[in-house]
Structures are given as structure tokens and as C-alpha cells.
Amino acid sequence: MLSVETPTTYYTATRKYDLNFPDLDQVIDTEVVVIGGGFSGVNTALELAERGVKDIVLLESRYLGFGGSGRNGGHVMAGIGHDLEKIRKSVGEEGLQAVFEISDLGATIIRERIAKYDIDSAWVLAFLRTLLHWKSPTVTPSRCGPQKV
């Protein structure tokens with residue numbers, strides 16, 4: 001059974017960075033507090049910093065990436081996990097195209113940040129969007145085959 005206090009997984013055993021920081025042991029004033037050092041918390045703090053917010057504190061009770069963010073395979077996939085026909089009926093063909101473009105945006109942001117911050121990662125772009133039982137002249141596979149970033 002995986003211990004919640006000290007998980008021993010492939011991901012914790014092979015992490016490349018020291019993700020521990022000093023405990024908060026004093027009262028501090030800050031403009032923004034982000035609670036949780038998982039993917040969403042770190043991303044929120046980074047987005048704010050990139051937009052010019054200077055006074056940000058990120059609080060994490062254990063270490064960055066401790067929870068579910070630190071126990072996944074790191075797969076970044078664009079796409080929609082829902083019935084495309086239902087979505088099309090709700091938002092139309094142009095709306096569906098916009099949803100696909102937004103789903104691609106997240107992977108693009110992560111790839112750009114890996115380059116911008118010189119993150120030592122094993123990023124490999126290797127997927128093909130498969131559109132089964134759905135024909136659309138406006139939505140096509142955007143990338144095919146592995147590409148190293």
C-alpha cells in the first residue's frame with residue numbers, strides 16, 4: 001500500500017529536482033496566496049508571475065508535486081473526452097473547432113515553458129488525433145509522429 005506520508009513510487013525515486021523548501025515559520029504579508037503545490041497550484045503561481053504579479057506565496061504542506069501531480073505519467077494530451085456530436089449540436093461546427101484549438105493550447109503552453117525555463121524533461125510529442133465516425137473538413141490531425149523538444 002502506498003504511504004500518504006512518504007510515497008515511494010517511480011516518480012519520487014527518480015525526480016530530478018529538490019522539491020522541498022523551508023517551512024513557513026513566521027507571519028507574512030503577500031498580495032496572493034496559492035494553496036497547493038501540484039500542477040494547478042504551480043501553474044497558477046507561474047501564470048500570475050508571468051503577468052507581472054510580484055508578491056506571490058505558494059503553500060504546500062509536503063513538497064511540490066506531492067499529490068496526484070507527482071504520481072502520474074506526465075502525459076499531456078489534447079482532445080475532447082466527450083461525445084463530439086453532442087458538443088457540435090450545442091456549439092456548432094465553429095464552436096467545436098474552437099474547442100479543439102483550446103485543447104491544443106495547453107500542450108503548446110507546456111512545450112513552450114519547457115523551452116523558456118530550460119526544464120530538463122523527457123518531453124516527446126507522439127500522438128495522432130483520431131477522428132472516428134466523424135467527418136469534418138475543418139478539424140484535422142494537427143501533428144503526427146514523435147518530435148523531441
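Visitor: How many residues does the chain have, and what percentage of them count as buried?
Guide: The chain has 149 residues, and 25% of them count as buried. Please note that this is a predicted model.

Visitor: Which elements does the chain have, and in what order do they run?
Guide: There are three helices and four strands. From the N terminus on, they follow the order α-β-α-β-α-β-β.

Visitor: What about contacts between residues at least 6 apart in sequence: what share joins residues at least 24 apart?
Guide: Of those contacts in the chain, 58% join residues at least 24 apart.

Visitor: Let's take strand 1. Where do its side chains point?
Guide: Strand 1 covers residues 32-35, and its side chains alternate.

Visitor: Which strand pairs with strand 1, and is the sense parallel or antiparallel?
Guide: Strand 1 pairs with strand 2 in the parallel sense, over four bridges. Within strand 2, Val57 is the residue that stands opposite Val33.

Visitor: Now the surface. Which residues make the nonpolar patch?
Guide: Leu24, Ile28, Val33, Ile35 and Leu59 make a nonpolar surface patch of about 460 Å². Leu59 belongs to strand 2, residues 56-59.

Visitor: Why does Leu59 count as partly exposed?
Guide: Leu59 counts as partly exposed because its relative accessibility is 31%, and that class lies between under 20% for buried and over 50% for exposed.

Visitor: Is Tyr63 buried or exposed? And Phe66, buried or exposed?
Guide: Tyr63 is buried, with a relative accessible area of 12%. Phe66 also counts as buried, at 7% relative accessibility.

Visitor: What about charges? How many salt bridges are found?
Guide: A search of the whole structure finds six salt bridges. Side chains of opposite charge can pair when their charged atoms come close.

Visitor: Which residues are linked in a network of salt bridges?
Guide: The network links Glu47, Glu50, Arg51, Arg113 and Lys116. Arg51 forms a salt bridge with Glu47, and their closest N and O atoms are 2.2 Å apart. Arg51 is exposed, at 62% relative accessible area, whereas Glu47 is buried, at 19%.

Visitor: Which residue forms a salt bridge with Lys116?
Guide: Lys116 forms a salt bridge with Glu50, the closest N and O atoms being 3.5 Å apart. Lys116 lies in helix 3 and Glu50 in helix 2, so the pair ties together parts that are 66 residues apart in sequence. Lys116 is exposed, with 57% relative accessible area, and Glu50 is partly exposed, with 32%.

Visitor: How many residues apart are Arg88 and Glu85 in helix 3?
Guide: Arg88 and Glu85 are three residues apart in helix 3, about one turn of the helix. Their side chains meet in a salt bridge of 2.3 Å, N to O. Arg88 counts as buried, at 18% relative accessibility, while Glu85 is partly exposed, at 35% relative accessible area.

Technical notes: Residues numbered from 1 in each chain as written. Predicted model: local features only at pLDDT ≥ 70, side-chain atom pairs only at ≥ 80, totals over all residues. Heavy atoms only, no water. Helix = DSSP H or I, 4+ residues; strand = E, 2+ residues; numbered from the N terminus. Buried < 20%, exposed > 50% of the residue type's maximum accessible area, 1.4 Å probe, protein only. Contact = heavy atoms within 4.5 Å. Patch = residues over 30% accessible without salt bridge, like charges linked within 9 Å, V, L, I, M, F, W, Y side chains within 5 Å. Areas by Shrake-Rupley, 256 points an atom, 1.4 Å probe, with all protein chains shown as cover. Salt bridge = Lys/Arg side-chain N within 4 Å of Asp/Glu carboxyl O. Pairing = 2+ DSSP bridges.
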